[in-house]
Amino acid sequence: MNGMLSTSWLPLLAIVAPIVGGMLVFRAASWERKAAGFQVVAVCSATTLSVCAFMAYQVSRGHQIELSLLELVPPIRLALRVDAMGALFAMTVASLFVLAQAHAIGYLSNDRRQWAFHGFLLASLGCMIGVALAANLVTLLLFYELFSLLAYPLIVHERTPKAFRAGLKYLIYILSGGALIFSGIVLAYWLAGSVDFLPGGVLPMTAPNSALQTIWCLLVAGFGVKAALMPLHGWVPDAHPAAPAPFSAVLSGVMVAAGVFAIVRVLLEIFGPAMLDQLGVLPWLAGFSGFAIVAAAMLAVAENDLKRRLAYSTISQMAYVSLAATLLHPVALTGALVHITHHAFFKGGLFLCAGSILAVTGLRRISRMRGLGWRMPWTAGTFTLLALAMTGLPPLSGFVGKWTLGTGMAQAGGFGHLAVMLLGSLLAAAYLWPVIYRIWQRPEQDDPLHAGASRDERHERRGWMLFAVLAAGAATVALGVAAGLPGFPLELARMAAEQLLGPSAWK
Amino acid sequence: MIDWPHWLPLLAVLPLVGGVLTPLLFHRLPNAACFWAASIAALTLAVAVALLVRLLASGGFGYAVGGWLPQYGIELRFDEIGALAVAAGFIALLSLVFSRHYVARAVEPDRAPLYYALVLINLGGLNGFLVTGDLFNLFVFMEIFSVSAYALVAMARAPIAALAALKYLLLGALSSLLVLFSVGVVFAMTGTLNIEDAAVLLDASSAMPAGLALAGLATGFAVKAALFPVHFWLPDAHAAAPAPVSAILSALVVKAGVVGLLRTLELFAGGDDLLQPLLTLIVWLGALGALGGALMALVQRDIKRMLAYSTVANIGYIFIGLGLATASAVSGAMVHSVNHAVMKSALFLAAGAIIHRTGLRNIDDLRGLGRRMPITAFGMAVALIALSGVPPAAGFVGKWQIALGALEAGQPWLVAVLVVAGIVVLAFGVRVINALYFRPPARVPVASAIEVPASMWLPVLLLAVASLALGLAGTPMLAFVGPAVQSVYGTIP
């Protein structure tokens with residue numbers, strides 16, 4: 001790749017527009033000015049989405065965009081850089097947030113604090129884009145802390161004691177993680193004199209191993225909290241059911257992924273493959289990831305609450321990515337990055353479905369969802385589709401990610417990795433199939449849930465919620481069927497792997 | 001105009017004279033006294049800014065009082081440390097503006113002019129302390145700002161205020177005595193009171209008298225700065241004082257102790273054997289203060305006591321930085337002194353606005369106030385987050401630089417101290433923010449509260465915005481204090 005660099009204010013626009021928009025939405029946060037709030041949300045989300053799409057297009061043409069802003073502490077600048085990995089993640093984030101915003105309009109339509117929710121969601125979109133496009137660790141930490149804090153009001157949105165407990169747990173986990181990251185960054189800066197992301201790593205090979213291992217532990221554990229790397233996942237199964245469904249979708253789809261994203265950045269652009277081999281730390285990460293894949297999936301099988309089951313599934317699915325990253329193999333890495341994107345849509349979509357089900361029927365427990373499919377055919381149908389995508393059924397998007405991951409692992413000789421991943425997939429089928437089976441069972445005639453409902457209530461509501469759910473389904477199909485087309489995630493992920501590991505890694 | 005030489009003495013003389021005149025001119029007119037005091041403070045700020053402009057243009061400069069040249073006469077000096085006078089003027093001005101409505105309720109009406117007089121005298125004493133180049137004057141100005149501070153604490157109506165002021169007075173008097181005694185020792189050893197001159201003449205190698213003087217000065221200023229374990233006067237005094245006074249005390253008066261310590265280090269620059277143990281001790285005490293203060297803040301229920309303990313924690317940070325004696329740590333500590341002043345005054349003023357409206361000080365009672373007093377609550381939330389050192393807010397610069405300094409000095413455990421203290425600070429910040437925004441109102445005064453008048457929310461908002469903006473100005477500020485670091489510590493890595 002002949003890295004054509006150019007400076008542009010576009011990445012800043014993608015970050016600032018939603019943050020400013022979020023503040024404006026607060027001003028419009030009343031019933032009377034619903035239209036104004038809606039317009040702001042629509043315009044800002046659309047701006048960010050189109051800017052991200054344009055940047056992704058530029059990147060796929062071989063350009064890279066850089067923007068260096070003011071100096072925070074010498075010589076560390078607030079700097080943004082759009083490379084293939086960042087562009088792909090930014091694009092994913094921006095699209096999923098659009099779906100979440102759309103779903104939230106319907107989901108929260110009777111909520112007094114609806115526009116506060118939209119405002120926080122919009123502001124956290126800007127910060128997430130900042131994480132995707134950060135050019136150094138300090139910039140990444142800045143946006144990472146901001147969106148972590150912004151997530152708190154979204155988690156406790158419903159103001160129930162359960163939500164507050166989940167929110168508190170979330171904060172304790174995330175703030176401790178942030179502290180570890182801060183220590184790791186200071187240490188890394190002290191050793192390397194720079195914390196810019198640079199393919200191949202910035203840390204000096206001459207540094208003592210113990211110091212490097214300390215940095216590795218601090219950074220991986222710190223971001224691992226967000227990435228729900230077991231055993232640091234404690235907040236995940238509580239925060240997801242407590243949050244309103246559109247935010248659960250974002251939380252699972254891209255926020256947990258942001259932790260994994262940051263881990264990949266740290267591994268490949270702070271340490272670099274050569275140093276990781278020398279340090280011998282990768283087997284540890286692989287071990288923890290493998291454990292997470294299996295253990296979280298088993299917990300998911302045992303879970304009755306639908307959103308909790310999906311949350312455990314996120315832990316398992318995101319561990320695929322960190323497991324694949326430890327192989328330092330381009331195909332595996334491509335699979336990992338593309339899996340982040342595909343997972344965002346199918347898992348986000350599943351959460352949106354769960355939200356729609358909750359909003360229409362008030363059901364959380366899987367065991368009570370018998371016959372739901374006959375009552376809400378479109379939502380249940382999309383749920384089924386997305387669940388099949390997650391289990392890896394071709395030609396849906398989940399298959400593309402897993403196939404690439406699997407071939408990468410095989411090519412890298414990681415057959416143990418492959419076995420663990422296949423076991424995870426098997427378990428994924430085990431925790432999703434019962435849901436599908438349950439919702440398409442014929443309802444019993446005397447089921448109070450259905451017997452009591454009038455004809456109107458039996459049917460799902462149309463409108464924004466359904467639109468978001470169907471859009472997630474359509475995205476999953478499109479990403480699977482057309483995965484090979486230029487401009488689709490697979491191409492960007494390939495470019496990213498090439499940029500991160502160097503062209504020679506492809507052999 | 002900028003080069004007019006007499007700006008420098010005016011920095012201290014203006015507020016002192018203005019302060020003395022206040023009760024004479026306005027003893028029946030508390031409102032007019034407020035306008036008068038604010039105008040004087042604004043003029044003082046303008047003078048400080050003019051001096052800063054000259055400093056930036058041509059470096060540090062001196063002034064011989066009465067035309068008597070240094071070594072014989074009294075010298076005033078304006079250097080990068082003295083530039084703290086700009087922050088002092090800014091915060092004093094905003095506190096005075098804030099006081100107009102606050103003091104009408106919190107202080108006996110016939111004492112209000114006295115209150116404004118004391119605030120101005122306090123500012124004058126601080127400014128004099130910052131710019132004097134003379135050891136005895138250092139003591140005199142210290143007494144001026146200390147005594148006015150004791151009186152200001154006692155001004156509050158609560159019965160606890162008198163007791164807190166007494167505690168503050170006893171400790172303060174003891175520390176002043178130590179400083180005076182040490183100044184005497186230095187004078188006896190060198191025959192001069194000029195700091196620069198004495199630094200050259202002082203035989204720092206002689207352990208006994210010089211060590212005694214150093215110990216006396218360091219202890220005295222440590223008490224003024226509320227360094228752990230001589231901090232115990234601070235929570236009572238800062239919590240009991242009227243809120244604008246708490247802001248000035250926490251933001252500025254304790255920083256005078258820090259500046260005093262810097263001047264002491266300047267004085268003993270030659271004596272490494274003496275300084276090294278002191279610096280090591282300061283690091284340890286600072287670390288204990290940072291952790292202890294943060295933890296004590298976490299368990300407080302009274303919002304002002306919580307903020308007061310957080311000041312102890314931040315003073316701990318600053319002393320860690322000063323004690324580490326590496327360029328990044330010291331410059332970080334200096335910058336953090338200013339940033340903390342801005343953040344903490346925003347917090348105390350916001351707390352004052354809340355107490356003014358609702359009369360509630362218990363954090364759990366403030367539930368739901370974010371909806372009723374949006375601007376005040378916003379200011380408080382922003383300043384709390386900035387305080388915890390989340391980038392890019394103002395707290396980050398100091399935390400980063402001091403952590404980096406700890407690594408440079410080979411003491412990585414201090415990074416852990418800073419980080420843990422940072423988490424605790426964020427934890428109590430979250431506790432307050434949670435109460436303000438995410439809980440339904442539990443108390444009647446909250447449910448009926450309305451936003452304070454603009455003269456109260458505007459200072460809060462300005463300071464809150466400044467505590468975000470200063471985080472973006474980290475690099476120029478660090479570059480600005482660079483020469484001061486060199487002059488205090490000599491050439492250090």
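This is a predicted model: local features need pLDDT of at least 70, side-chain atom pairs count only at pLDDT 80 or more; totals for chains, interfaces and linings use all residues.
**Exercise 1. The build of chain A**

Task: Work out how many helices and strands chain A has, and why its radius of gyration agrees with that of a compact globule.

Solution: 
- Start by going through the secondary structure: chain A holds 21 helices and three strands.
- Next, take the length of the chain. For 507 residues, a compact globule would have a radius of gyration near 23 Å, and chain A has 22 Å, so the two agree.
- Then look at the extent of the C-alpha trace, which spans about 75 × 50 × 45 Å along the principal axes of chain A.
- Now ask how much of the chain is inside: 61% of the 507 residues in chain A are buried.
- Finally, turn to the contacts in chain A between residues at least 6 apart in sequence. Of these, 80% link residues that are at least 24 apart.

**Exercise 2. One glycine in chain B**

Task: Locate B:Gly18 and decide: is this residue buried or exposed?

Solution: 
- First find the element: B:Gly18 sits in helix H1 of chain B, which covers residues 7-26.
- Count the neighbours. B:Gly18 has 23 other C-beta atoms within 10 Å, and the cut-off for a buried residue is 20 or more, so B:Gly18 is buried.
- Set aside residues up to four places away in sequence, and B:Gly18 touches B:Ile40 and B:Leu120.

**Exercise 3. Where the chains meet**

Task: Describe the side of chain B that touches chain A: which helix gives the most to it?

Solution: 
- Begin with the totals: 21 residues of chain B contact 23 residues of chain A.
- Helices H16 (394-408), H17 (413-438) and H20 (474-489) of chain B each supply at least two residues of this side.
- H17(B) gives the most, with eight residues.
- Last, sort this side of chain B by type: 17 residues are nonpolar, four are polar and none is charged.

Definitions and conventions: Residues are numbered from 1 along each chain as its sequence is written. Chains are lettered from A and ligands numbered from 1 in the order in which they are written. Helices (H or I, at least four residues) and strands (E, at least two) are DSSP runs, numbered from the N terminus. A residue is buried if 20 or more other C-beta atoms lie within 10 Å of its own, exposed if 12 or fewer, and partly exposed in between; C-beta atoms are placed from the backbone. Two residues are in contact if their C-beta atoms, placed from the backbone, lie within 7 Å. Ala, Val, Leu, Ile, Met, Phe, Trp, Tyr, Cys and Pro count as nonpolar, Asp, Glu, Lys and Arg as charged, and the others, Gly among them, as polar. The radius of gyration is taken over C-alpha atoms; the globule rule is 2.2 Å times the number of residues to the power 0.38.
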